[in-house]
Amino acid sequence: MVRREAAVPRAPYNTTPVFAASAEGASIDDVDGNRYLDFAGGIGCLNIGHRAPRVTAAIQEQLAKHLHLCFAVTPYEGYIAVAEKLNALAPGNFAKKTILLNTGAEAVENAVKIARAYTKRPAIICFEDAFHGRTMMAMSLTSKAHPYKAGFEPFASDVYRIPFAYSYRSESGTTTEMFAHHLENAFKRSVAAESVAAVIAEPVLGEGGFVVPPRDYFKAIQAICRKHGILFIADEVQSGFARTGKWFASEHFGIEPDMITMAKSLGGGMPIAAVTGRAEVMDAPGVGGLGGTYCGHPLSCAAALAAIETIEKDGLLTRSTAVGKHFETRARAWQKKWPLVGDIRGLGGMCAIELVRNAQTREPAESETKQIAEYCYKHGLITITAGTFNNVIRILVPLVVSDEQLDEGLDVIEAALASVAEQKQAALSHA
Ligand SMILES: Cc1ncc(COP(=O)(O)O)c(C=O)c1O
């Protein structure tokens with residue numbers, strides 16, 4: 001850590017001071033010989049687990065053939081095979097095309113470029129509590145000021161933001177219609193509908209705290225988009241590839257996005273991202289208008305095909321649903337015991353608890369959440385927090401986790417909650 005602090009700037013934050021030596025399935029061994037259960041999965045990149053056997057075999061096989069060529073110079077089959085697979089998997093019974101990129105932020109940047117090229121309109125509407133990445137356009141679309149935006153102004157122009165359907169932090173009784181109405185309002189208050197190229201949304205907020213909107217919400221949003229010739233982009237960078245019990249969270253909401261951005265678990269541990277969308281939309285930018293040197297790297301393509309095969313053959317969609325159900329059962333018991341557990345939510349294995357100081361006022365329990373994450377890693381469990389108010393513990397455990405490992409990890413969270421709740425109680429009686 002001393003060497004890290006001397007050699008690396010402070011901005012790329014480490015959530016735990018654990019230096020990894022090796023990893024397998026749902027666990028990580030550190031350089032001191034400690035074993036950790038991994039409930040973070042490299043922030044949702046390891047739905048199929050660390051070093052999934054099909055992925056490591058596919059990488060080795062590709063290593064013997066060729067590494068970087070640049071798809072723009074000398075194309076290769078792996079890129080096309082990934083595109084074909086994603087075109088088939090993405091929801092929507094229409095012709096689709098896919099471009100490959102390196103990271104989630106890059107996928108978002110490209111989706112915006114494509115939407116503008118297709119509609120010939122400038123504006124993009126995004127949501128409060130959204131996270132779309134750290135590059136200039138993606139950061140402009142991201143919601144949370146600290147640490148993602150402060151000091152990095154000015155942002156990209158033509159970005160407009162509306163509230164998300166965050167029921168727990170909205171007035172009780174707010175209906176889907178009322179939530180969706182924010183979009184219609186924006187056309188009056190902020191930007192003319194005919195200037196809007198696209199609305200971009202995470203079907204389940206990731207960094208924003210695993211917020212799941214009502215099931216009919218995105219149908220309402222997409223209907224408004226269609227009425228005004230606006231494209232709907234689903235950012236499934238975190239929610240895709242079995243995380244929610246389906247290939248894409250969009251499927252839970254019965255929508256067919258015009259474009260979907262993907263990354264993270266698509267690569268099974270290798271960097272790769274994609275935008276999949278309606279063929280006519282994807283073909284709008286001119287020849288040479290999109291791309292990048294390393295986009296769709298051969299090793300990443302091999303890994304992605306193997307990751308997709310693993311999800312298909314190892315039943316990880318069903319497993320994700322089971323992980324989510326088990327989490328919910330355990331978390332409901334925590335909520336009964338400790339008012340600190342304000343909200344329990346999730347979709348399949350994308351699940352979380354939101355912690356509050358007071359069940360009525362719902363004051364975010366930020367420092368307590370930090371204490372819980374710290375307790376967890378000190379007791380062998382790597383977790384990460386989320387939420388605009390830094391008060392959410394999110395579960396991104398590799399779906400290959402065994403039932404025993406899952407309970408072992410949940411036991412640590414339970415003990416952490418008990419410890420923090422007891423400390424609060426003790427502080428109260430001292431006062
Ligand atoms: C929904 C969403 N979009 C985009 C990104 C950015 O992805 P990357 O970090 O690969 O650039 C993230 C990363 O957490 C994300 O969760």
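Between the two domains, 39 residues of domain 1 are in contact with 38 residues of domain 2, where contact means heavy atoms within 4.5 Å. This is a predicted model, in which local features need pLDDT of at least 70, side-chain atom pairs count only at pLDDT 80 or more, and totals for chains, interfaces and linings use all residues. Residues are numbered from 1 along each chain as its sequence is written, and side-chain values use heavy atoms, with hydrogens and water left out.

**The two domains**

- Domain 1 covers 2-52 + 315-430, and domain 2 covers 55-313; these bounds come from an automatic or database domain assignment.
- Their C-alpha centres are 26 Å apart.

**Where the domains meet**

- Domain 1 and domain 2 bury about 3200 Å² between them, with 55% of it on carbon and sulfur atoms; buried area is the accessible area (1.4 Å probe) that two parts lose on being put together, summed over both.
- On the domain 1 side, Leu317, Leu347 and Met350 lose the most area to domain 2, together 25% of what that side buries.
- The interface has 30 residue pairs in polar contact, both at pLDDT 80 or more. A polar contact is a pair of N or O atoms within 3.5 Å; within protein, one must be able to donate a hydrogen and the other to accept it, and residues adjacent in sequence count only if both atoms are side-chain atoms.
- There are also 2 salt bridges across this interface, a salt bridge being a side-chain nitrogen of Lys or Arg within 4 Å of a carboxyl oxygen of Asp or Glu.

**Around the ligand**

- A backbone N or O atom of glycine 104 lies 2.8 Å from a ligand oxygen.
- The protein covers 83% of the 390 Å² of accessible area that the ligand has on its own, by the Shrake-Rupley method with a 1.4 Å probe.
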